Amino acid sequence: MKNLYLRKAKINDSEFLLKLYNYGVKENLFKNKKKISLIEHNKWFKSSLKSKLVKIFICKKKNLKIGYIKLNIFRQNSSYISIIIKPTFRKNNIGSFLLNK
């Protein structure tokens, strides 16, 4: 994919992830049906950044954050994967790009 790249999530990505996640809940894209508060999210996010069992990557196009992929590792070589892309960037095979990285 042209001009797309991934980088590890950083603490300053917290609000971006929260907004995308809550949008996904609203659109029934996730199993969880409850929006998350900023306080709940920040607690989870700080813990996740330190965890060896959670990997979060931000997808960027040029300098614009357009989505993320999160892996919850539950055993060697096995993970639960969550992907969400901003609506304006969907249907461009970005999810496939993320899975192949």
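Author: Start with the contacts. This is a predicted model, and among contacts between residues at least 6 apart in sequence, 51% join residues at least 24 apart.

Reader: What confidence does the chain average?
Author: The average pLDDT is 88, and 99% of the residues score at least 70.

Reader: Where is confidence lowest, and where is it highest?
Author: Helix α3, residues 94-100, is lowest with a mean of 79. Helix α2, residues 38-50, is highest at 94.

Reader: How many helices and strands are there?
Author: The chain has three helices and four strands. Read from the N terminus, the order is β-α-α-β-β-β-α.

Reader: And how compact is the chain?
Author: The radius of gyration is 13 Å, close to the 13 Å from the globule rule for 101 residues, so the chain is as compact as a globular protein of that length. The C-alpha trace spans about 35 × 30 × 25 Å along its principal axes.

Reader: What about burial and surface?
Author: Buried residues account for 34% of the 101 residues. The accessible surface is about 7100 Å², and 53% of that belongs to carbon and sulfur atoms.

Reader: Switching to charge: how many positive and negative side chains?
Author: There are 25 positive and 4 negative side chains. The centres of the two sets lie 9 Å apart.

Reader: Now Cys59. Where does it sit, buried or exposed?
Author: Cys59 is in strand β2, residues 54-61. Cys59 counts as buried because its relative accessibility is 0%, and the cut-off for buried is under 20%.

Reader: Which residues is Cys59 in contact with?
Author: Leaving aside neighbours within four places in sequence, the contacts of Cys59 include Leu4, Tyr5 and Leu6, then Leu64, Lys65, Ile66, Gly67 and Tyr68. Ile94 and Leu98 are also among them.

Reader: And what separates Cys59 from Lys2?
Author: They are 57 residues apart along the chain, with 12 Å between their C-alpha atoms.

Reader: Next, Phe30. Where is that?
Author: Phe30 lies in the loop between α1, residues 14-26, and α2. Phe30 is buried, with a relative accessible area of 14%.

Reader: What does Phe30 contact?
Author: Beyond its neighbours within four places in sequence, Phe30 is in contact with Tyr21, Gly24, Val25, Tyr68, Ser82 and Ile84. Tyr68 is also listed among the contacts of Cys59.

Reader: How far apart are Phe30 and Cys59?
Author: They are 29 residues apart in sequence and 19 Å apart in space, C-alpha to C-alpha.

Reader: Is Lys62 buried or exposed?
Author: Lys62 counts as exposed because its relative accessibility is 54%, and exposed means over 50%.

Reader: And what is phi of Asn77?
Author: Phi of Asn77 is near 65 degrees, again positive in a residue other than glycine. Asn77 lies in the loop between β3 and β4, and counts as exposed at 77% relative accessibility.

Reader: Last one. Where is Ser78, and what does it touch?
Author: Ser78 is in strand β4, residues 78-85. Ser78 is buried, with a relative accessible area of 17%. Not counting residues up to four places away in sequence, Ser78 touches Asn72 and Ile73.

Technical notes. Residues are numbered from 1 along each chain as its sequence is written. This is a predicted model: local features need pLDDT of at least 70, side-chain atom pairs count only at pLDDT 80 or more; totals for chains, interfaces and linings use all residues. Side-chain values use heavy atoms; hydrogens and water are left out. pLDDT is the predictor's confidence in each residue, from 0 to 100. Helices (H or I, at least four residues) and strands (E, at least two) are DSSP runs, numbered from the N terminus. The radius of gyration is taken over C-alpha atoms; the globule rule is 2.2 Å times the number of residues to the power 0.38. Buried means under 20% relative accessible area, exposed over 50%, partly exposed in between (1.4 Å probe, protein chains only). Contact means heavy atoms within 4.5 Å. Accessible areas come from the Shrake-Rupley method with a 1.4 Å probe; for residues, only the protein chains shown count as cover. Lys and Arg count as positive and Asp and Glu as negative; His and the chain ends are not counted. The place of a charge is taken as NZ of Lys, CZ of Arg, CG of Asp or CD of Glu.
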